[in-house]
Amino acid sequence: MVSGTNGAPDAGPLPPGQASRPGPAGAGVRTRPPADLVGPRRRGDGIFRGLTLSAGIFVLAILVAIAVFLIAKSVPAIAQDKGNFFTTKTWDPDGSKVFGIAALAFGTVLSSVLALILTVPLALGVAIFIVEYAPKRIATFLGYAVDMLAAVPSVVYGLWAVYFLLKRMVPLQVFLADHFGWIPLFADPENRAGQFSQSVLAAALILGVMILPIIAAISREVISQVDPAQREGMLALGATHWEMVRMAVLPPSRPGIVGGIMLGLGRALGETIAIALVIGASFTISPHIMSSGNAIAANIAVKFAEAGSLGRNALIASGLVLFAITLVVNLTARAIIYRAGAVERSAAV
Amino acid sequence: MAKRIETIRLSCFYGSYKAVDDASLVIEPKSVTALIGPSGCGKSTYLRALNRMHEVIPGARVEGSVLLDDVDIYRPDVDPVAVRRTIGMVFQRPNPFPTMSIYDNVAAGLKLNGVRRKSELDDAVERSIKAANLWGEVKDRLGKAGAGLSGGQQQRLCIARAIAVEPAVLLMDEPCSALDPISTLAIEDLISQLKDSYTIVIVTHNMQQAARVSDTTGFFTLRGPGEAGYLVEVDTTTKIFTNPTEQRTEDYITGRFG
Ligand SMILES: Nc1ncnc2c1ncn2[C@@H]1O[C@H](COP(=O)(O)OP(=O)(O)OP(=O)(O)O)[C@@H](O)[C@H]1O
Ligand SMILES: [Mg+2]
């Protein structure tokens, strides 16, 4: 922004006594421009503008249509709820008509956040290793491996978790319960750690595996885009390789990495089938991650087929809550990215 | 503390391609040495070999030795990171760190050196920015981004960043090539001042600049297209620009070859 004092005095009248500048009102305006200054009418521009505009409107329209549908089905369902939809933990819309989102929303957020905590350091590590440290051939191979992980269908992850992961988690669960049981997260009041069982922890692990490639691939891309001149500038100051990564590579990558994390979180929040297979479908709010839990999307998938009419609308209402959660996540991410760019934006002064 | 640099039969390679052939040159402490020569003759490559930045490029390596005072910086037991802390560098294209404020740009090198005390950082930042003739223009916006400065200011910021850690030697690769005449003069003044405390090596395409700022001038050229660059001669700047020994040098500075 140009400050008022040294800006051109376009606004307001000229100070008295100062000669007026030659302006567009001069004599030249009446002369018709020569043919080579008259551009062809750029019809392509107009068409392209129209196309992109309608694409933009189309996306918005879909978003609005989804929101309208969700709200239209949800409001009557919530009105018929015999409990409080936002605080009730149980889910019995077709029987007692008491149902609520509390346990489901809690489980959704808990399992997704846990998945992030488990995955983000690993994904960043993989990305940094691929870009900064790995020899070229290993980097290429690892890059492909990560992309392949992203291509595995989620039901395969779910089955793998059920038939492979769950029983191998028992020693880990026992270890956690024995040594960290004093932390509520790892407490084991139901004595489930020692047995093969579905749990929030298992769901978080499998979610973590599923979102790892998204976060790693985006981070890798962003990190590799950092201007080599920044890297050299930091090295020339006497930075070690890691200091260079920490001070010159990661800071400019941060908005992109946060974006990748949010995409991963979005996928985790909305994941359905893998979660349905491992989380255990209990309607409780408990911090004990080795107990079973539940999640909105998984609950919809499991219950939808046999639900009655109120049951279906109640499930749609839970979908609306999921929609709201992801919206909040996205807005938060934008706020984080925006704040991170504060110094850069000050360049525009 | 300014230090002396000597390169002995230094050759620089990019993979199997030899970019600089067998350059031997002495750079005296507290002096300004200018490197001139046609584009592609290996000036930047040679300069980057002096603080072990050359090897940052995959496949790049050197042969021969570079003595800093009496130590060969290419000995296997010498840490390139320590070398770069001693021999600072200013690049052709200003490269302030975009996510950092002006203050943090200048403090970056100090923080790498483990300086944490706020007062110490404040002092060094102020001293370096003043030394880079930039203080008046930025003192009210130290918290703002360095990328918001003009090209000339950015380059002086990069100089401030480089001298904040008080290196023994300062390497400058065409520091004025993107600047207007006034910023160029400001940087030339700065070089003359810095000479009192630093050893300075500057690559430049501007012959007047070399004549104005340097004590010693080295002339690099190419034997032919695609061949390695080599050092034709090095002498006092006066001698090079008035009465060079080699015909090729004379041709170059009089503009008969370029
Ligand atoms: N990263 C690189 N990989 C391979 N070859 C390179 C690389 N950088 C430079 N070269 C080659 O090395 C030779 C010397 O390049 P250098 O940049 O040192 O020239 P210069 O004298 O600085 O030229 P200029 O005055 O244009 O900056 C050139 O032939 C160039 O193509
Ligand atoms: Mg160069």
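This is a predicted model: local features need pLDDT of at least 70, side-chain atom pairs count only at pLDDT 80 or more; totals for chains, interfaces and linings use all residues.
1. **Residues around the ligand.** Ligand 1 has 13 residues around it, and those that come nearest are Ser39(B), Lys43(B), Ser44(B), Thr45(B) and His205(B).

2. **Polar contacts and cover.** Oxygen atoms of the ligand can be followed to particular protein atoms, and a polar side-chain atom of Tyr17(B) is found 3.1 Å from an oxygen atom of ligand 1. For Glu174(B), a polar side-chain atom lies 3.3 Å from an oxygen atom of the ligand, while in the case of Cys41(B) it is a polar backbone atom that lies 3.3 Å from an oxygen atom of ligand 1. On its own, ligand 1 has 630 Å² of accessible area, and the protein covers 63% of it.

3. **Elements that build the shell.** Two elements of chain B, strand E2 (17-27) and helix H1 (43-50), each give two or more residues to the shell around ligand 1. The largest share comes from H1(B), which supplies 3 residues.

4. **Helices H6 and H7 of chain B.** In chain B, the axes of helix H6 (residues 151-164) and helix H7 (residues 181-194) come within 10 Å and cross at roughly 15 degrees. Because angles under 35 degrees count as roughly parallel, H6(B) and H7(B) are described as roughly parallel to each other. The crossing in which H6(B) passes H7(B) is right-handed.

5. **Helices H7 and H8 of chain A.** Turning to chain A, the axes of helix H7 (residues 228-236) and helix H8 (residues 241-270) come within 9 Å and cross at roughly 140 degrees. With that angle, H7(A) is oblique to H8(A), since only angles over 145 degrees count as roughly antiparallel. H7(A) passes H8(A) in a right-handed crossing.

6. **Helices H10 and H11 of chain A.** Further along chain A, the axes of helix H10 (residues 296-303) and helix H11 (residues 309-340) come within 9 Å, and the angle at which they cross is roughly 155 degrees. This makes H10(A) roughly antiparallel to H11(A), and here the crossing in which H10(A) passes H11(A) is left-handed.

Technical notes:
Residues are numbered from 1 along each chain as its sequence is written. Chains are lettered from A and ligands numbered from 1 in the order in which they are written. Side-chain values use heavy atoms; hydrogens and water are left out. A residue is near a molecule or strand if one of its heavy atoms lies within 4 Å of it. A polar contact is a pair of N or O atoms within 3.5 Å; within protein, one must be able to donate a hydrogen and the other to accept it, and residues adjacent in sequence count only if both atoms are side-chain atoms. Accessible areas come from the Shrake-Rupley method with a 1.4 Å probe; for residues, only the protein chains shown count as cover. Helices (H or I, at least four residues) and strands (E, at least two) are DSSP runs, numbered from the N terminus. Axes are lines fitted to C-alpha atoms, for helices over the stretch in contact, and angles run from 0 to 180 degrees between N-to-C directions. Angles under 35 degrees count as roughly parallel, over 145 as roughly antiparallel, 65 to 115 as roughly perpendicular and the rest as oblique. A crossing is left-handed if the near helix is turned anticlockwise from the far one by less than a right angle, and right-handed if clockwise.
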